[in-house]
Amino acid sequence: MIRNKKLIAWVEEMAALCKPDSIYWCNGSEDEFQKLADELIANGTFIKLNESKRPNSFYCHSDPEDVARVENRTFICSVKEEDAGPTNNWVDPKEMKDTLTKKFDGSMKGRTMYVIPYSMGPIGSKISQIGVELTDSRYVVCNMKIMTRMGKEVLDALGENDFVHCLHSVGAPLKPGEKDSTWACSKEKYIVHFPEERLIWSYGSGYGGNALLGKKCFALRIASSMARNEGWLAEHMLIVGITSPEGVKKYFAAAFPSACGKTNLAMLTPTLPGWKVETVGDDIAWMKFGEDGRLYAINPEAGFFGVAPGTSMETNPNALLSMDKNSIFTNTALTPDGDIWWEGLTDTKPEKLTDWLGKEWTPKSKSKAAHPNARFTAPSKQCPVMDPAWESPVGVPISAILFGGRRAKVVPLVYEALSWEHGTFMGSIVSSETTAAATGDVGTVRHDPFAMLPFCGYNMGDYFAHWISIGKKSSLNKLPKIFYVNWFRKDNEGNFLWPGYGENIRVLKWIFDRTEGKDSSVKTPIGFVPKKEGIDLDGMNFRKENLDQLLNVDRDEWLREVKNIRNYYKIFGNKLPAELRSEVDQLEQRLNS
Ligand code: GTP
Ligand code: SPV
Ligand code: MN
């Protein structure tokens, strides 16, 4: 029995608009998943993978024009334009609703409307939030089953309370008798947020963050707006537990832009003996102050929607083990024996594959077998190194926050903020080469403040101010220390100077030491950088000269960076907090003194 009157009324209203053939309320059971997977197989959308190699797992390839987040089609429709800010697309909410009401009218004809009640965060946790997604995509239901806690239990927990309303249609109604395509979508796409109403309308895409509305749309864009009003943080961050050989455990959170290494850092296999790394989350962190004045983080998700290419038993064995069953693979390649493959999975390329477009592929083919944004969907609980506290309703206390991105030059391997304000400044100047996680150019450096450029649901200037205000809510010794890392610095020949992956534990160790107050740094104009002997290189096959380059802070390069930042800051106008303006001035002074 569904008692929530608001929910019943909304489902009826949206069904009257979208005109599905039927409505189905998801209960979240395994049987339900199997039934939907079977229907997807019958439709040619899913291919069941070889049961003896990868039990209960499915392969899928999308429309070639529906492969990633569409940032230029993503909108924050706040009542006032100013509240969307200079980094978001804005349209007046009334106008957008008029436009989209026409699009949604009849958009689900010939399809079923699935009602997915889901919880972001463990059911019952005070930090968790409930959403309901209405969708005409079975693929979305199957992914939401893995990515969130969903179904009957959530409806029970919801009771008569309010929830985040999420409407999704692939925008491809079927005429009577018309055969469905294997990946239905529309050429025209709209990913739209109404933050004041806590409402999401997504039209035209079936892929990832465009369609699994609990993830970026709710847990970042809508939640960041809630968090600002309520004094907490919703961030594009992994959460990881780190235990030293002495048995001391700390938790770190890290914000890197899309496809810049969060999943890898979250489940890193340490190359330093005695160190242990455990995963709490790989993409999103919700952080609130505990009564002790420390920041506590939960992972609102229950699964990984991770980048496949580059993932291997060498780079990230825990990710591969997480997806060895009960997983969905989208836009990878398919092997003749019914398993999956992508660039980087194995050293030698298979003799023959079906590529992500469904075409025959051999190592001689010029194109990639997997799309660069091919993804796996896997349940968190299958990750061999999940932290014992990953579902803790109170979250885990955060000792350090890391920012980072892909920068071939200028930015050292690691440096530490001088204060909370300086750390906020460091977050605001994150810039990174673009990746295939969003449509558009790949490899061009852009500012991606706090790795939140595509995910902040309000004015980025106000977001900066919110971060400054968080620092005033507690004392410095209780707040996390803030760091900036860059695994991607290159030499003049274009080779990575740092091996990355499991070796990143050496940087985490330095950060760990610094949170314990260890004197292992030198003060430079940009912040604290490790002393040469501060980074443990024991047992590492590494040219020691590389470390000089990796830790180098070049005054001229950084003075150019300052110019860049001043220019970038202009877009925020009077919304830029005075503290950040002062931080640029101070940085420039330190560089010139
Ligand atoms: P989203 O899911 O898009 O938010 O991405 P993410 O930040 O979780 O990125 P992920 O960990 O999946 O990494 C993306 C790509 O970066 C993969 O191809 C990795 O192989 C590569 N990568 C991750 N860590 C490192 C590293 O330490 N060094 C180098 N060189 N590459 C890395
Ligand atoms: C990202 O792009 O940061 C992702 C993948 O984590 S998606 O869910 O598609 O946004
Ligand atoms: Mn992400």
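1. Let's start with Lys 249: at a relative accessible area of 32%, this residue is partly exposed. Please keep in mind that the model is predicted. Lys 249 forms a salt bridge with Asp 387, and the closest N and O atoms are 2.6 Å apart. That bridge links distant parts of the chain, with Lys 249 in strand S13 (residues 249-255) and Asp 387 in the loop between strand S23 (375-379) and strand S24 (396-404), 138 residues apart. Asp 387 has a relative accessible area of 1%, so it falls under the 20% limit and is buried.

2. Lys 250 pairs with Glu 516 in a salt bridge whose closest N and O atoms are 3.1 Å apart. Here again distant parts of the chain are linked: Lys 250 sits in strand S13, while Glu 516 sits in the loop between helix H12 (505-515) and strand S29 (521-524), 266 residues apart. Lys 250 is buried, with a relative accessible area of 11%, whereas Glu 516 counts as partly exposed at 48%. Elsewhere, Lys 215, Lys 216, Lys 262, Asp 283 and Glu 301 are joined into one network by salt bridges that share partners.

3. The salt bridge count comes to 39. Asp 462 counts as buried at 10% relative accessibility, and Arg 228 as partly exposed at 34%.

4. Now for the domains. The assignment gives domain 1 (5-44 + 69-231), domain 2 (234-302 + 387-554) and domain 3 (304-382). Between the C-alpha centres of domain 1 and domain 3 there are 27 Å. Their contact takes 11 residues from domain 1 and 12 residues from domain 3.

5. What holds the surface between domain 1 and domain 3? The two bury about 850 Å² between them, and 68% of this is on carbon and sulfur atoms. On the domain 1 side, Ile 146, Met 147 and Tyr 207 lose the most area to domain 3, together 58% of what that side buries. The number of salt bridges between these two domains is 0, but 3 residue pairs are in polar contact across the interface. Helix H4 (residues 138-147) gives the most to the domain 1 side, with 5 residues. By class, that side has 8 nonpolar, 2 polar and 1 charged residues.

6. The side chains of Asn 43 and Thr 45 are joined by a polar contact of 3.0 Å. A polar atom of the Asn 43 side chain also lies 3.2 Å from the backbone oxygen of Ser 181. Beyond four places in sequence, the contacts of Asn 43 are Lys 179, Asp 180, Ser 181 and Thr 182.

7. The other is Val 79, in the loop between strand S4 (74-76) and helix H3 (93-104). With a relative accessible area of 54%, Val 79 lies over the 50% limit, so it is exposed. Neighbours within four places in sequence aside, Val 79 is in contact with Trp 90, Pro 93 and Glu 196.

Key. Residues numbered from 1 in each chain as written. Chains lettered and ligands numbered in written order. Predicted model: local features only at pLDDT ≥ 70, side-chain atom pairs only at ≥ 80, totals over all residues. Heavy atoms only, no water. Helix = DSSP H or I, 4+ residues; strand = E, 2+ residues; numbered from the N terminus. Buried < 20%, exposed > 50% of the residue type's maximum accessible area, 1.4 Å probe, protein only. Contact = heavy atoms within 4.5 Å. Domains from an automatic or database assignment. Buried area = accessible area lost by both parts, 1.4 Å probe. Salt bridge = Lys/Arg side-chain N within 4 Å of Asp/Glu carboxyl O. Polar contact = N/O pair within 3.5 Å; in protein donor to acceptor, adjacent residues only side chain to side chain. Nonpolar A, V, L, I, M, F, W, Y, C, P; charged D, E, K, R; others polar.
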